[in-house]
Amino acid sequence: MAAGARPDDRGDRTRDADGLAVASFVLGLVGLLVMNVLLGPAAIVMAVLALVRSTSRRGRALLGLALGIADLVVLAFLVAGNGVVAWNFGG
């Protein structure tokens, strides 16, 4: 154990990593509907941080990573189709 480290430091780091995993999943999911230009990259970064910090919710972090990438793919299709970064529900 490192000098000055508390015995419950590992539990705090795991809890923080678990929070990052859940946040990446939620941001990736919401990003499919709105603001994918911001929420997609945020979901990717949070998922990678959670995986690096050895989260116990690895599946949720991987889903967040996949959804973040899907956000960017949706954004690419929108830009290619409309020429702008905007949703268009009309015909």
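S54 is partly exposed, with a relative accessible area of 44%. In this predicted model, S54 sits in the loop that joins α2 to α3 (58-82). Its phi is positive, about 55°, although S54 is not a glycine. Most residues other than glycine have a negative phi.

**Backbone in the loops**
- M35 is another non-glycine residue with a positive phi, here about 50°.
- The loop that holds M35 runs between α1 (9-31) and α2 (36-52).

**Nonpolar surface patch**
- M35 also belongs to a nonpolar patch on the surface, together with V26, V30, L33, V34, V37 and L38.
- The accessible area of these residues together is about 630 Å².
- Two or more residues of the nonpolar patch come from each of α1 and α2.
- One of the patch members, V30, is placed in helix α1.
- V30 has a relative accessible area of 38% and is therefore partly exposed, as it falls between the 20% and 50% limits.

**Aromatic rings**
- How many aromatic pairs does a search of the whole structure find? The search returns zero.
- A pair of aromatic rings would be described by the distance of the centres and the angle of the planes.
- The ring of F25 does have a charged residue over its face: R60 lies there, at 6.0 Å from the ring centre.

Methods. Residues are numbered from 1 along each chain as its sequence is written. This is a predicted model: local features need pLDDT of at least 70, side-chain atom pairs count only at pLDDT 80 or more; totals for chains, interfaces and linings use all residues. Side-chain values use heavy atoms; hydrogens and water are left out. Helices (H or I, at least four residues) and strands (E, at least two) are DSSP runs, numbered from the N terminus. Buried means under 20% relative accessible area, exposed over 50%, partly exposed in between (1.4 Å probe, protein chains only). Rings of Phe, Tyr and Trp (its six-membered ring) pair if their centres lie within 6.5 Å; planes under 30 degrees apart count as stacked, over 60 as edge-to-face and the rest as tilted. A charge sits over a ring if NZ of Lys or CZ of Arg is within 6 Å of the ring centre and within 35 degrees of the ring normal. Patches are made of residues with over 30% relative accessible area and no salt bridge: like charges are joined within 9 Å, nonpolar side chains (Val, Leu, Ile, Met, Phe, Trp, Tyr) within 5 Å. Accessible areas come from the Shrake-Rupley method with a 1.4 Å probe; for residues, only the protein chains shown count as cover. A salt bridge is a side-chain nitrogen of Lys or Arg within 4 Å of a carboxyl oxygen of Asp or Glu.
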